[in-house]
Amino acid sequence: MIKLIIIDDHPLVADGIATMLKDESYLQIVASAKTGRQGLAILSEYPDCEVILLDINLPDTDGLQLCEQIRQLYPNLKIIGLTSVNEAGIISQMIRRGANGYLLKDMEKEELLHAINRVLDGHVYLSKGANEKILQQLRELDINPHQVPMLTRREKEILSLLDQGLSSQEIASRLSLSIHTIDTHRKNMLQKLNVHNTPALLKAAGKLGLLG
Amino acid sequence: MTLFYRSLCLLCIYLLVLHWPASAQTINEDSLRKVVAQHRRDTLRVDALNRLGGYLLSHKQDTSGLALLTEALRDARSLGYYTGICQSLLARGNYATKQNDWLAAIATYEDILQEPFTGKDSLRRIRAQMMAHNNLGGIYNRNGDYTTALSHRLQSLKLAEQQAPDPNTLVIVYCNIASEYRQLQLYDKAAEYLDRVKPMLTDLKPIYHFDYLYELHSLDEVKNDTAGITRALAGMKTLITTAKFSPFQILDTEYEYYKLEGNFYRDYQKDYKKAIEAHQQSLQTAIKMNAEESRLSALQNLATSYYKAGMTNQAIPLFEEVYRLGVARGLTFNAKKAAGHLSDIFKTNGRFELALSYREKAISLSDSLQKDEKLKELNFLEARYQNEKRMAQIASLERENELHKLEVKEKNRWMLASIAIAILVILFSMMLYRSNRQRRLLAEKDRMLKEEEIRFLEGQQKVISLQSMVNGQEAERSRIAKDLHDGLGGLFSTVRMHYSTLQEQVPALQDLALYKKTRELIGVASEELRRVAHNMMPEVLLKLGLPEALRDMSNTISAGGMLSVNFQSYGLEKRLDRTTEIMLYRIIQELINNIIKHASASTVLIQLNREENRLSLVVEDNGKGFDTAAADGRQSMGLATIKSRVEYLRGQLVIDSVPDVGTTVLIDIVLDNPSA
């Protein structure tokens, strides 16, 4: 018998899940909680619980933080996040913070059972509603964020004029922009290439092949 | 305001002298009632009626006193009891003055002046008329006609000097005259009258000594003579600590003294700690006095001192109380000032919504104050007009009587009457002219004040309207999004779950086309709801911040395949404040919308850079570009929204567009709080 806990503040949703699962003899909902704090208390009462359905929008705590906390307290517990939003940022955060999968709250019975089975088998389950952008973002999780910065068109122009030895003032009149604007673009480039002055900027840009 | 108030105070004290010449600050109400009940129509009863009536009106605000005074007047007239008549009239006039019922007050005092006197003791008459003139002067003073007031006061002085002058009486008259001259801005004349008091000081009762110092203080104040003010205050301080006052006078003088001391420390010495102490003392006394208006004024002074001392936390609740009480008790002037201060405080605290609300309250109170002023002015005008009509009637009645008696003098009488009427007409039209001019001046002042307020409001308007756009509209949006998710979303989810359970329990349903269609539609509706809620307020923006939300946005648009959006951010590990995040998100949304609609671009780069409190946003496309000067209507509509949002963030917007190459939008912001 697999023990299951629901943490969801919406009574109807908890009810719906209970209805869907009541005929499944191998699953047992041992308790449900309406708040994060209540959820943590219940979890400590049922150390043999295997799966938790966790709503990430709770009245008292931030669901993402709670997810992280539960993961730390119970490393073997399977966490399935329940969400009413299908936003990549939120979902990837959820996975990053230790959830084993997520379901949109309007899942049907088969999907719920499938998700529970998948996570119990050690897989990550993503909702049927997970679209390309979510998968894309999840794939990007592992990509090194320190990739070569992209320069904007204006930045490239200004960089090449700087390389030609023009002053900010001269670039401003050449491009019919204010000196302040030129300066902002220049400062942005300094920050992007992590340097502190124009000669260093030109040198770094040259190394990365961003010049000419 | 203070000037008027004190002037009236002198007047009240004066009336007290008449009614209770000895020590009686409190009277034995019961024994007076006994006299009234046991005696019949004699002068003793008239006196008792007058004293009781006057006491009820002035100390208990009990209007049954008016009936007693009327009875006393009737009896006194039938008994030919001149003093009784005058006392009744004075008490009634005093009450009418307190009620701002100028018509009744003027008429009553004029009655005293007109009352025929038959007895031998002309001193009584002089005394009564002197008081009538003095009090009439008080009424004109209250209504800002200092010239007429002065003429009555001088009449009163003339009468005072006819009797064996009692220094206490003279001091009151001198002080009142000085007060008129001061308000006419003839300071030398005012000083001259106050100088006349000096040799009499040793013979004075302490309360009149105090009143003299008070008037001296007022004069020094308008002359801005700090040394003089210090001297006057020191004198008052000595009096209240050493002199023998009656219990009521102790409170009254203490209250006035600490008020002045507090104002002096606050406005001249800038010693706010001492000012607060003094005003607290004044407030304590006002509470003991059980006088609402004094308490309010003391509260206001204390609050202003806290405010000047920068202790806005202490000032706010006091001003709020003043405002509330002022509105409740019709003390509009105090309420208006309190609302004005509150608006200023909240403005500096950055709580613009409250500031605006109090500013609006102050303006509306100011309006009603001006309305009241005008009404008061009109009432007064009406009172004067009625009074003159009455005097004309009296004159004409007298004339008719005389006609019967002395036919010979008919012509002269006629002429006299006509002259009298002519003078009245001239006086009346002068008064009308004067009042018109005053009204014009008032209106002009009013207009200037309003314009100032409007300029202030206009200055605030932009910021405030943008503020409410963010704090109202965005809060509303997140509330709706949350409601959609929690309410409708939850319901949809449940319906869908039950549907799937139902299908399991009744497998035959699966073959029903209608059932399947319905199930699909529920799914679509649920998805649609998520989309709407997301557009209202993306959860990711609130939960995870701007870079995550923009990454989401870029991925969503790129996934559509029409436009490839790249996003990069530098230095945004720490979250910005919520309002700024939402603002920037909306700006970028609008920019991307414009690009999709108008630019025919294939790629967009969104870039955020933050270094300490510098934040720059670049949105660059490779579209067809546009003429920034001659953008079409729709584009400029979108741009206007963006501009106002950038303005709200106190940023700079540079649109730099090259035809067929692309457009670079650069927004530069200085963040308020770099640590946030």
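**Close-up 1. Packing of helices α3 and α4 in chain B.** In this predicted model, helix α3 (residues 43-60) of chain B packs against helix α4 (residues 64-79) of chain B at an angle of about 155 degrees, with their axes 8 Å apart; axes are lines fitted to C-alpha atoms, for helices over the stretch in contact, and angles run from 0 to 180 degrees between N-to-C directions. Helices (H or I, at least four residues) and strands (E, at least two) are DSSP runs, numbered from the N terminus. α3(B) and α4(B) are therefore roughly antiparallel to each other (an angle over 145 degrees). The contact (heavy atoms within 4.5 Å) includes B:Leu49 and B:Leu56 of α3(B) and B:Leu68 and B:Ala72 of α4(B).

**Close-up 2. The open sheet of chain A.** Five strands with parallel pairing follow the order β2-β1-β3-β4-β5 (chain A), where two strands pair if DSSP finds at least two bridges between them. Because β2 (27-33) and β5 (101-104) of chain A stand at the edges, each with a single partner strand, one side of each is left without a neighbour in the sheet. The twist averages 25 degrees from one strand to the next.

**Close-up 3. Helix α1 on the sheet of chain A.** Helix α1 (residues 11-21) of chain A packs on the sheet and touches β1, β2, β3 and β4 (78-83) of chain A, its direction making about 170 degrees with that of β2(A).

Residues are numbered from 1 along each chain as its sequence is written, and chains are lettered from A in the order in which they are written. Local features need pLDDT of at least 70 in this predicted model, and side-chain atom pairs count only at pLDDT 80 or more, whereas totals for chains, interfaces and linings use all residues, and side-chain values use heavy atoms, with hydrogens and water left out.

Technical notes
Parallel < 35°, antiparallel > 145°, perpendicular 65-115°, else oblique.
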